[in-house]
Amino acid sequence: MESACFSESIYNLIPSDLKEPPQPPRYSSMFKEAVKNDMKKFKTSMKTMGPAKVDVPSPKDFLKKHSKEKSLPPKGKFQRRDARKPAVPLRTDHPVMGIQSGKNFINTNAADVIMGVAKKPKPIYVDKRTGDKHDLETSGLVPKYINKKDYGVIPEYICKRNEEVKKAQEEYNNYIQESLRKAAMKRLSDEEREGVLQGLKKNWEEVHKEFQSLSVFIDSIPKKIRKQKLEEEMKQLEYDISVLEKHKIIYIANKK
């Protein structure tokens, strides 16, 4: 009976005094309690609608009708600024009648016409024999602008602007001259520029003559290379000639 109750197993042979290694302590922040207290403090005070210490409004202080409307100023006595207009005549009132004047309007008008200055006719022009009439002054046919005192005189603002432009150009030229002097640049004179231009044109004529003397059939690689070289030289010479003809002022670097 004792052998039946006791179950034999190989694990029973292992000594039971073995213990598991102790686990290292978990990290715990030093501010843990302070954070808990702060969260409890602020959350508890805001659990209601607004801070807990706010007084609840009284039921008697409800919003009344027209309480937010602006009040009008007190009513005062009306004061008229302008004088009253004359009253409307009554239906029984009659106008004053029977008043006659002794003035002779016929003689008066005749005397005004005789003594008055004759009215000058308005100048007009007609474009055709049966055409319409047009105003002559606004047509541009009357030379009235050339008879003005200031006709042909340059306005003052244009003279002032020209002086400002001239002054600015002089300052710019002085600045360029100073910059070129510091950068050791030399300006080509008109004679030197013309000489360089004529030399380039002469070189272009020589290269063009040599290009014209090439054979009609380009059937070899040396001939193709020769033709390409002459075309590049002519293109470069044409570019240099166009630059010299376009720019009147040329600066070159001084050779050290």
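Residues are numbered from 1 along each chain as its sequence is written. Because the model is predicted, local features need pLDDT of at least 70 and side-chain atom pairs count only at pLDDT 80 or more, while totals for chains, interfaces and linings use all residues, and side-chain values use heavy atoms, with hydrogens and water left out.

Along the sequence they follow the pattern α-α-α-β-β-α-β-α-α-β. Of the 256 residues, 5% are buried, where buried means under 20% relative accessible area, exposed means over 50%, and partly exposed lies in between (1.4 Å probe, protein chains only).

Next, select Leu188, Leu197, Leu200, Val207, Leu230, Met234, Leu237, Ile241, Leu244 and Ile250, the ten residues of the largest nonpolar core; such a core is a set of buried Ala, Val, Leu, Ile, Met, Phe, Trp, Tyr and Cys residues joined through side-chain atoms within 4.5 Å. Helices α5 and α6 (221-246) each supply at least two residues of this core, and α6 gives the most, with five.

Now turn to the salt bridges, of which the whole structure holds three, each defined as a side-chain nitrogen of Lys or Arg within 4 Å of a carboxyl oxygen of Asp or Glu. Select Lys201 and Glu245, whose side chains meet at 3.4 Å, N to O; Lys201 lies in helix α5 and Glu245 in helix α6, so the pair ties together parts that are 44 residues apart in sequence. Then select Glu210 and Arg226, whose closest N and O atoms are 1.6 Å apart, and which link helix α5 to helix α6 across 16 residues. Finally, show Lys223 with Asp219, where the closest N and O atoms are 3.5 Å apart; Lys223 counts as partly exposed at 33% relative accessibility, whereas Asp219 is exposed at 60%.

For a last stop on helix α5 (residues 190-212), pick Glu191, which counts as exposed at 62% relative accessibility.

End at His66, in the loop between α2 (32-45) and α3 (105-115), where phi is near 60 degrees, a positive value in a residue other than glycine. Most residues other than glycine have a negative phi.

Terms used
Helix = DSSP H or I, 4+ residues; strand = E, 2+ residues; numbered from the N terminus.
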